[in-house]
Amino acid sequence: MTEKQKQQKRRENMRYYGKTANLYPRHPWTEEESHRVLEHTIPDSVLSEEIHRSVKSIQEKRRRLKKAENNKQEA
């Protein structure tokens, strides 16, 4: 990937994630929110507005929940 492509990708990420970054105050995750994140039945941008979380935090939470789920299955 060239430097120009890397810069373009950074701009795209900022435009996508910047819409919800630092928009909502931090608060603990609830079981309901975690369940909705794992269901993944609606786009993350819509879910972000509904549960007042950033798109990036939703994606990171989903990744962590799936990782924990996989670790349980392996044990």
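How far apart are the mean positions of the 18 positive and 12 negative charges of the protein chain? They are 9 Å apart. The model is predicted. Its protein chain holds 4 helices and 0 strands, and the elements run α-α-α-α from the N terminus on. The radius of gyration is 15 Å, well over the 11 Å given by the globule rule for 75 residues, so the chain is more spread out than a compact globule.

**Overall dimensions and surface**

- Along the principal axes, the C-alpha atoms of the protein chain fill a box of roughly 45 × 30 × 20 Å.
- Buried residues make up 17% of the 75 residues in the protein chain.
- Of the contacts between residues at least 6 apart in sequence, 53% join residues at least 24 apart.

**Salt bridges between parts of the chain**

- Side chains of opposite charge can pair when their charged atoms come close.
- The whole structure contains 6 salt bridges.
- E33 and R53 meet through their side chains in a salt bridge, at 2.8 Å from N to O. E33 belongs to helix α2 (residues 31-39) and R53 to the loop between α3 and α4, so this pair ties together parts 20 residues apart in sequence.
- E33 is buried, at a relative accessible area of 10%, and R53 also counts as buried, at 6% relative accessibility.
- R36 pairs with E50 in a salt bridge whose closest N and O atoms are 2.2 Å apart. This pair links distant parts of the chain, with R36 in helix α2 and E50 in helix α3, 14 residues apart.
- R36 counts as partly exposed at 24% relative accessibility, and E50 counts as partly exposed at 42%.
- In the salt bridge of D44 with R62, the closest N and O atoms are 2.7 Å apart. That pair also links distant parts of the chain: D44 lies in helix α3 and R62 in helix α4, 18 residues apart.
- Both D44 and R62 are buried.

**Salt-bridge network**

- A network of salt bridges links E60, R63 and R64.

**The loop between α3 and α4**

- S54 sits in the loop between α3 (44-51) and α4 (55-74).
- Is S54 buried or exposed? S54 has a relative accessible area of 16%, which is under the 20% cut-off, so S54 counts as buried.
- Apart from neighbours within four places in sequence, S54 is in contact with T20, A21, Y24 and S48.

Note on methods
Residues are numbered from 1 along each chain as its sequence is written. This is a predicted model: local features need pLDDT of at least 70, side-chain atom pairs count only at pLDDT 80 or more; totals for chains, interfaces and linings use all residues. Side-chain values use heavy atoms; hydrogens and water are left out. Helices (H or I, at least four residues) and strands (E, at least two) are DSSP runs, numbered from the N terminus. The radius of gyration is taken over C-alpha atoms; the globule rule is 2.2 Å times the number of residues to the power 0.38. Buried means under 20% relative accessible area, exposed over 50%, partly exposed in between (1.4 Å probe, protein chains only). Contact means heavy atoms within 4.5 Å. Lys and Arg count as positive and Asp and Glu as negative; His and the chain ends are not counted. The place of a charge is taken as NZ of Lys, CZ of Arg, CG of Asp or CD of Glu. A salt bridge is a side-chain nitrogen of Lys or Arg within 4 Å of a carboxyl oxygen of Asp or Glu.
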